[in-house]
Amino acid sequence: MKPLIEQLKAFTGTAIITSSGEKISFTSLISSAEALREELKAFSVKKSMLSREKSLSSTGLNIQDPDPSDIKVGQQRAADPKVQERELFYSSVSEFIAILLALEGLKEQFSILSDRFCYSPISTKENKGAIHSTWLLYTSGTTGRPKKIAHNTKSMCVSIRPSETAAFHCWGLTYKPNKFACLQVILQSLLSGDCLVDCTSGTLDEKVALMITSKVGAISATPSWWRQLLMTQNSKALYLSRITLGGEIADQLLLNTLSSRFPSAKILHIYASTEAGVGFAVSDKKAGFPLTWIKQGVNKTQLKIKNDLLWIKPFSDNLKLNTTTKTIEADNLGYINTQDVVSIGGERVYFKGRINGAINVGGHKVFPETVENVLLTSPLVAQARVYGKENKILGSIVVADIVLKAPTESLKHKDIQLALLLHCKAHLGRNDMPTKINVVDELALSDTGKLARQ
């Protein structure tokens, strides 16, 4: 597989529109990446010479160690000469992409963090032919501690599909760039020769305004982000041809609402994770996925259900890359435990929530996502977050924070809470009922666009 920087040379035109509206061409982006790559190569040579001089010093020769050069790219900081890794800092999506293009295919391994890349200064294979870089990513840590997961360029790009109709898309980027979901959007856009609009900063109204001005036609975001978008007045001015949901459960009500608001858009909800990569995409505008996929698989990806948990055998080799670290739980057939609880209803498989995110109420497991989906079916509720609160008798009780669809001057908060409790009672079992419902102005989202649950 050719390095990404070489693949992009086939494209011209605008590659990135920054949050300030500045346009960066493919030519300019590639030029910046190539300049950085040359500086990295030059530094590696000097670092190698430094190591050799240290070796000569041990023979008794009086040789002074030179200071390492400081590569001034973005917010690059020179590392201590004794430290084996260097850091390349970024403060924008364009800087992030330039660094990624420079490192991929040049360095054997690099880590991607929230504000920097870390890499080894010297590659044993550098200048000796093609290098298959290992990308080290971190999980979102929504319900636990983030884990470091290894990928390579092949596993990161395995699901990238340039448009079959050669139609141009302008992509709105809603995720922070260091996460797996964001990298998928970046790679899809760049490797298709499309334009990427940085919508990761500013208020939601400002982001939507930038999308309208830049004529964004494709957006990939979490269900929580989409619910917030639907609450903005100017979102009606967007003309979307492609809508992608991922990272959280896509409920039927949201899929119906998006279909009604954007009737011309193709709607996909994608099942993917940092651990397993992209598993599959559902395009029939229905919640869950077909039960037949459990038996037949989908797009070379195999699925199975064991103890109500979904296990997935992806069509990529990232599992082999993580064998020594043991950060991914897999069986001897190569199926990865997703930790996602599912249930079967008719000819459909539905997601209930993360096993480690369940609330223990007197020994009964309550999945926050299940309760949230019920609350969201109320005509009063625009957004909902359900969580556990410590209780001396039951261990935990279920509490919900909700954002109203519109101000209700005729109803007091007490009346709203009562109405929602009655609504939940009609759709939930006794043990799953929230004991308290709070009306709040907004719900915070994490850097990955998911509901902030910690």
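Biologist: How many residues of the lining of the second largest pocket are nonpolar, polar and charged?

Modeller: Eight are nonpolar, eight polar and five charged. Ala, Val, Leu, Ile, Met, Phe, Trp, Tyr, Cys and Pro count as nonpolar, Asp, Glu, Lys and Arg as charged, and the others, Gly among them, as polar. The model is predicted: local features need pLDDT of at least 70, side-chain atom pairs need 80 or more, and totals for chains, interfaces and linings use all residues. Numbering starts from 1 along each chain as its sequence is written, and side-chain values use heavy atoms, without hydrogens and water.

Biologist: What makes a residue part of the lining of a pocket?

Modeller: An atom within 4 Å of a pocket point; on a 1 Å grid over the protein atoms alone, a pocket is an open set of points where a 1.4 Å probe fits, with protein on both sides within 12 Å along at least five of seven lines. The second largest pocket holds about 380 Å³ of space. Its lining has 21 residues, and those closest to the centre are Lys207, Trp225, Gln228, Leu443 and Leu445. Helices H6 (204-213) and H7 (223-230) each give two or more residues to this lining; a helix is a DSSP run of H or I, at least four residues.

Biologist: Why are H6 and H7 called roughly perpendicular?

Modeller: Their axes, lines fitted to C-alpha atoms over the stretch in contact, cross at roughly 85° and come within 10 Å. Angles of 65 to 115 degrees count as roughly perpendicular, so H6 and H7 qualify.

Biologist: Which residues of H6 and H7 meet?

Modeller: Leu204, Val208 and Met211 in H6 meet Trp225, Gln228 and Leu229 in H7, contact being heavy atoms within 4.5 Å. Five of these residues are nonpolar, one is polar and none is charged.

Definitions and conventions: Points joined across faces, edges and corners; volume = space filled by probe spheres on them. Axes fitted to C-alpha atoms, helices over the stretch in contact; angles between N-to-C directions. Parallel < 35°, antiparallel > 145°, perpendicular 65-115°, else oblique.
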